[in-house]
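Have the coordinates open as you read.

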Amino acid sequence: MNEQFDYIIIGAGTAGCILANRLTENKKIRVLLIEAGGKDINPWIHIPGGYFKTMHNPNTDWCFTTEEEEFCNNRKMLIPRGKTLGGSSSINGMLYIRGHANDYNYWRQLGNIGWSWDDVLPYFKKSENYKISKSDFHGDSGPIKVEQIRSKFKLLDLFLDAAEEFGYKKNSDFNDGDNEGMGYFPMTIDKGFRCSSAVGFLNPVKNRKNLKIITNAHVKNLTFENFKVKNVNVWRGNEEFIYSVNREVLLCAGTIGSPHILQASGVGPGELLNKNNINIVKEINGVGKNLTDHLMLRPVYKIKNLETLNDIYHSFTKKFLTGLNYFIYRKGPLTVGASYLCGFIKSDSYLENPNLQFHISPASTDLLGKAELHKFPAFTPTITNVRPTSRGTIEIKSSDTRIYPKIKMNYLSTFEDREIAAKSIKIVRKIVLESKAYNKYQPKEYRPGIEFKDNESLAREAGKFANTIFHPVSTCRMGNDENSVVNDNLKVKGIHNLRVVDASVMPTITSGNTNAPTMMIAEKGSDLIIKDQK
């Protein structure tokens, strides 16, 4: 079987669904959308509180693991990635954060023309239907609904007050280019249901006659002729299918999947390809390099006389009432995914922009998504270094893409990252234990423990309970230096008809959650492709 298409999109995740929507607006263009996972029919995908039911679930999550991480107690760490239509936007925490304006201005300074804050803001607005307020910084007619949080806890309001005691101001909009301050997360939710890229972009157009969608289809590799992709080879079950492309192949398989497919197809570091007996089509040393992620430090604080999700989880009556509140009113904890409170602050006063982000949840557990909530009332003021200097790699282990690649994150591998981790815990400790707001509720540090005071011991303890916050990026980095993979039109260097359009092209990681920036990249990528058609 050898069907022909104008465009073949590999990966129906956050970016792929957007490309499928925008490209098929032209009825003369025929598009194939390939997804290795299944359809997004699991009901827990669509109930925001089901976030904990889809993560680490092999039906909806690829369940990747890293190699042993030296500075994280030599643990092999879990790396969730969406394995369904909508990709990671179908299993993520639904937190809509763009990052700081200077993130994108820095991309432009690196030589990526058209990627400054002023350049990309229209694309953020294009995909967005912002329900919280009217603003020149937000769109009101895009496919992705962005709503206020629909659940509150007194414990969280008190955190805002406590932070304000130490000079951390409140912020009602983190997405206007200046994200500094504390407040509640905006969420990609529509009337109490998840608004994934599949829900917002793909479902309304899935019946277009010029769009073909195939699921449970695992890309084997790409075949080339004169530095041009000729075919995309795919496994569906035990059968192999070949799809031919007339115009372009658009690789949207994500930060792990995109470099993996490139390497399997002979595009990547020559030494690595030779080691795996893969014929070199184009040697690009940057493929799979520069892997960057946000590491969440999850200190836990016990609290008295304040309700937490731990209390609700371990009470049949409270769980029943919580379910009732959701199904009748679409309110309460089941309308929330990962976190409630957000905050961007500086670890040091001399910094120009915030480098730390809070994700604060009124719950606690030993391992997010894998262990039960604690039986005592407690909360987790997670804090993250959003400008890490540690870098990792994605490396193929076999020419068979069904065998997972080697993932090495190298978390906390630089002195700077370890120092900032220690400072972060000290900042959280000060807010919770020294504030007047929390004083009468007798907070007590459960993890890491107040006996750890110096930076070295705090960084070491942080490594024992830290985990990814699910923001891997930059393995097919955009740029014009020798180690970049795509140019500022997202075209793979040296290949005539192949682009990468996903989080892997970020030159540097954005200071915040990465789903909104990935949507922006796909919106801008669509325009670049359509412009080239003309």
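This is a predicted model: local features need pLDDT of at least 70, side-chain atom pairs count only at pLDDT 80 or more; totals for chains, interfaces and linings use all residues.

F316, F320, L321, L324, I328 and Y329 together make a nonpolar surface patch of about 700 Å². One of these residues, F316, sits in helix α11, which covers residues 316–329.

Which strand holds F241? That would be β13, spanning residues 239–251. The two residues fall into these accessibility classes:

| Residue | Relative accessibility | Class |
|---|---|---|
| F316 | 68% | exposed |
| F241 | 13% | buried |

The cut-offs explain the labels: F316 counts as exposed because its 68% is over the 50% mark, while F241 counts as buried because its 13% is under 20%. While you're looking at F241, check V219 too: the two are 22 residues apart along the chain, and their C-alpha atoms are separated by 9.4 Å.

Next, the second largest pocket. How much space lies in it? About 260 Å³. The pocket is lined by 13 residues, and F71, R418, E456, A459 and R460 are the closest to its centre. Two elements, α12 (415–434) and α14 (455–465), each give two or more residues to this lining. Helix α14 supplies the largest share, with 5 residues.

Notes
Residues are numbered from 1 along each chain as its sequence is written. Side-chain values use heavy atoms; hydrogens and water are left out. On a 1 Å grid over the protein atoms alone, a cavity is a set of points where a 1.4 Å probe fits but cannot get out, and a pocket is an open set with protein on both sides within 12 Å along at least five of seven lines; lining residues have an atom within 4 Å of a point. Grid points are joined across faces, edges and corners, and a volume is the space filled by probe spheres set on the points. Helices (H or I, at least four residues) and strands (E, at least two) are DSSP runs, numbered from the N terminus. Patches are made of residues with over 30% relative accessible area and no salt bridge: like charges are joined within 9 Å, nonpolar side chains (Val, Leu, Ile, Met, Phe, Trp, Tyr) within 5 Å. Accessible areas come from the Shrake-Rupley method with a 1.4 Å probe; for residues, only the protein chains shown count as cover. A salt bridge is a side-chain nitrogen of Lys or Arg within 4 Å of a carboxyl oxygen of Asp or Glu. Buried means under 20% relative accessible area, exposed over 50%, partly exposed in between (1.4 Å probe, protein chains only).
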